[in-house]
Amino acid sequence: MAAAGQVGVSGSLAGLAALRTAARAARCAREAAARLDRAFEEAFGGTPSEVTVVRRVVRARPDRALRRATARDFAAG
């Protein structure tokens with residue numbers, strides 16, 4: 001089983017399609033991370049040094065993603 005962010009290719013048509021899909025997903029993740037960086041830059045002039053910031057790129061509606069992340073963080077600690 002491939003780890004997150006990895007794809008195996010056998011040269012078959014299905015494998016090549018999987019490679020194209022993985023490349024599209026990587027581009028979307030890179031673009032989302034860049035948007036997140038720009039948001040921190042615009043709001044704070046960069047990442048605030050006085051707080052711990054954990055950046056996650058999640059594909060979901062913001063309200064649902066924040067609820068899930070908050071619930072997960074409270075359950076863990």
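Let's start with Arg61. Arg61 is partly exposed, with a relative accessible area of 46%. Here, buried means under 20% relative accessible area, exposed means over 50%, and partly exposed lies in between (1.4 Å probe, protein chains only). The model is predicted, so local features need pLDDT of at least 70 and side-chain atom pairs count only at pLDDT 80 or more, while totals for chains, interfaces and linings use all residues. Residues are numbered from 1 along each chain as its sequence is written, and side-chain values use heavy atoms, leaving out hydrogens and water.

Now the overall picture. The protein has two helices and zero strands. Both terms refer to DSSP runs numbered from the N terminus: helices are H or I, at least four residues, and strands are E, at least two. Of the 77 residues in the protein, 9% are buried. The protein exposes about 6600 Å², by the Shrake-Rupley method with a 1.4 Å probe; for residues, only the protein chains shown count as cover.

Next, helix H1. H1 runs over residues 13–44, which is 32 residues. From its first C-alpha to its last, H1 reaches 47 Å, close to the 46 Å expected at 1.5 Å a residue. That expected span is 1.5 Å times one less than the number of residues. Which residues of H1 are buried? They are Gly15, Ala32 and Phe40. After H1 comes Gly45, with a positive phi near 80°.

On to the surface. Val7, Val9, Leu13, Leu16 and Leu19 form a nonpolar patch, with about 430 Å² of accessible area together. Patch residues have over 30% relative accessible area and no salt bridge; like charges are joined within 9 Å, and nonpolar side chains (Val, Leu, Ile, Met, Phe, Trp, Tyr) within 5 Å. Val9 sits in the segment before H1. Its relative accessible area is 41%, so Val9 is partly exposed.

There is a positive patch too. Its members are Arg20, Arg24, Arg27 and Arg30. Lys and Arg count as positive, Asp and Glu as negative, and His and the chain ends are not counted. Each charge is placed at NZ of Lys, CZ of Arg, CG of Asp or CD of Glu. Arg30 is in helix H1. With a relative accessible area of 55%, Arg30 is exposed.

Now the charge pairs. Side chains of opposite charge can pair when their charged atoms come close. How many salt bridges does the structure hold? Three. A salt bridge is a side-chain nitrogen of Lys or Arg within 4 Å of a carboxyl oxygen of Asp or Glu.

Take Asp37 and Arg55. Their side chains meet in a salt bridge at 2.2 Å, N to O. This pair links distant parts of the chain, 18 residues apart: Asp37 in helix H1, and Arg55 in the loop between H1 and helix H2 (62–76). Asp37 is partly exposed at 40% relative accessibility. Arg55 is partly exposed at 34%. Asp37 and Thr47 are 10 residues apart in sequence, and 8.3 Å apart in space, C-alpha to C-alpha.

Back to Arg61. Arg61 forms a salt bridge with Asp63, their closest N and O atoms being 2.8 Å apart. Asp63 is partly exposed, at 32%. Arg67 also forms a salt bridge with Asp63, with the closest N and O atoms 3.9 Å apart. Arg67 and Asp63 are four residues apart in helix H2, so about one helical turn separates them. Arg67 is exposed, at 53% relative accessibility. Together, Arg61, Asp63 and Arg67 are linked in a network of salt bridges.
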